[in-house]
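Please work through the following exercises with the sequence and the model at hand. Each task is followed by a solution in steps.

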Amino acid sequence: MAITEPGASARSLYDPTSELLADPYEVYARLRETAPVRRIVGPDGRPAWIVTRYEDVRASLADPRLSLDKSRALPGGYRGFGLPPALDANLLNMDPPDHTRIRRFVARAFTTRRIEELRGPVRRTADELLDALEPGGRADLIASYAAPLPIVVICELLGVPARDRRDFREWTDALIAPDPARPERMREAIAAMLAFFTGLLAHKRAEPGEDLLSALIAVRDEGEEAGDGTPPGAGASRGDGGDRLSEDELMSLAFLILFAGYENTVQLIGNSVLALLQHPEQLAALRAEPGRTAAAVGEFARYEGPALLAIRRFAVEDLTIGGVAVPAGETVMLSLAAANRDPRRFTDPDRLDLDRDTAGQVALGHGIHYCLGAPLARLETEIALNALLERFPRPALDVPYEDLRWRPSTRARGLIELPVRL
């Protein structure tokens, strides 16, 4: 399908949606070679530029002339899905200095030391989930393993009471892979999330604990320090002259930590397991040397990462990407999946190679917007794979690869189900 640009009846835009849903890597390979920076029909039917070569994508991820602030977008351009202000005031819509200020609030929760302290709890959760599976039996490893594991971990980090924990998969599916035939589904999911986080903040204010969300609420309500003796946001500026979180920023931050911490990790675990099932020699190698798994997660992320596209960006001035002029205000979409399979950067990129040097891969971003929770996602994936292979040494797909169902999304790359024999 193509759409015609206003005022240019003879000129239509390429709409890659159906082809991307069928085989994103084939489409990206073709674009990399024939039109590495091309104007297309975006995911919501509006015009956008797509960038597919590694060098251009990596440079653009760190280019301050490409803004995440929706106010920089031209009317009629692709802006991504809309959220109410109480959920939309998050890092995915911000540039410095507000991005810098808010990121500082949570950076200490994702230090190497803090993440490593979660190794034991993550492993215990993985073992408990595997206890429910039977050797020689059948299971959907998304529903029974890849999805619940990160929910438990991120809820522990935030301090979400066990009685309030939900299966967020339905909500995230409604946002990441909306059903055009059921537009109300997205509205219902947004309303449900808003109600959930409103109630969660009220609960944590009434009963604070030793958790990240309680600490963020204390910063918001009492102006407490961030924990290192430095006032949160010191050195940054805000439009109102203060350094504290606004109420919308507080709720949006909680939403983003839970949403992104769940979404990316479910898909990274599921895609990594599938890659191993498709490459039994690599599976055998990891089973024999589980100490290699931590490094191998980088290759899993490069080969079949959780995001096909980075969050949309808006040109703040006329600029040139890959030799192509992009006017100010237009939407730019950076294909992480295309960049990670660019043969100019990675030799034989369509091959899974657990010994590959994956330095520079961009599966979880690059620059100041690099995914804050990436170390936790990598840890959870490492532990999930090792625990699975220890308990069930020879898992196998229970359906032909061609029968697997992928989420109908041009933005995210993840399985709906992963049926296996254990």
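The exercises below concern single residues, a helix and strand pairing.

This is a predicted model, in which local features need pLDDT of at least 70, side-chain atom pairs count only at pLDDT 80 or more, and totals for chains, interfaces and linings use all residues. Residues are numbered from 1 along each chain as its sequence is written, and side-chain values use heavy atoms, with hydrogens and water left out.

**Exercise 1.** Determine whether glutamine 361 is buried or exposed, and describe its surroundings.

Step 1. Glutamine 361 is located in the loop between helix H16 (336–340) and helix H17 (374–391). Helices (H or I, at least four residues) and strands (E, at least two) are DSSP runs, numbered from the N terminus.

Step 2. Its relative accessible area is 15%. Buried means under 20%, exposed over 50%, and partly exposed in between (1.4 Å probe, protein chains only); glutamine 361 is therefore buried.

Step 3. Apart from neighbours within four places in sequence, glutamine 361 is in contact with residues including Gly298, Asn340 and Arg378. Contact means heavy atoms within 4.5 Å.

Step 4. The side chain of glutamine 361 also reaches the backbone nitrogen of alanine 363 at 2.8 Å.

**Exercise 2.** Identify the buried residues of helix H14 (residues 280–288) and state where they lie around the axis.

Step 1. Gln282, Leu283 and Leu286 are the buried residues of H14.

Step 2. They cover an arc of only 105° around the axis, so they lie on the same side of H14. The arc is that of the directions from the helix axis to the C-beta atoms.

Step 3. The exposed residues Pro280 and Ala288 are on the face turned away from this buried side.

Step 4. The cover over the buried residues of H14 includes helix H13 (247–278), helix H15 (293–303) and H17.

**Exercise 3.** Describe the side chains and the pairing of strand E10 (residues 331–334).

Step 1. Thr331 and Met333 point one way from E10, Val332 and Leu334 point the other way, and all are buried.

Step 2. Strands of a sheet pair through backbone hydrogen bonds, either parallel or antiparallel. Two strands pair if DSSP finds at least two bridges between them.

Step 3. Strand E4 (residues 47–51) pairs with E10 in the parallel sense over 3 bridges; isoleucine 50 has methionine 333 as its bridge partner in E10.

Step 4. Strand E7 (residues 313–315) is joined to E10 by 2 bridges, and these strands run antiparallel. Here arginine 313 has valine 332 as its bridge partner in E10.

Conventions
Polar contact = N/O pair within 3.5 Å; in protein donor to acceptor, adjacent residues only side chain to side chain.
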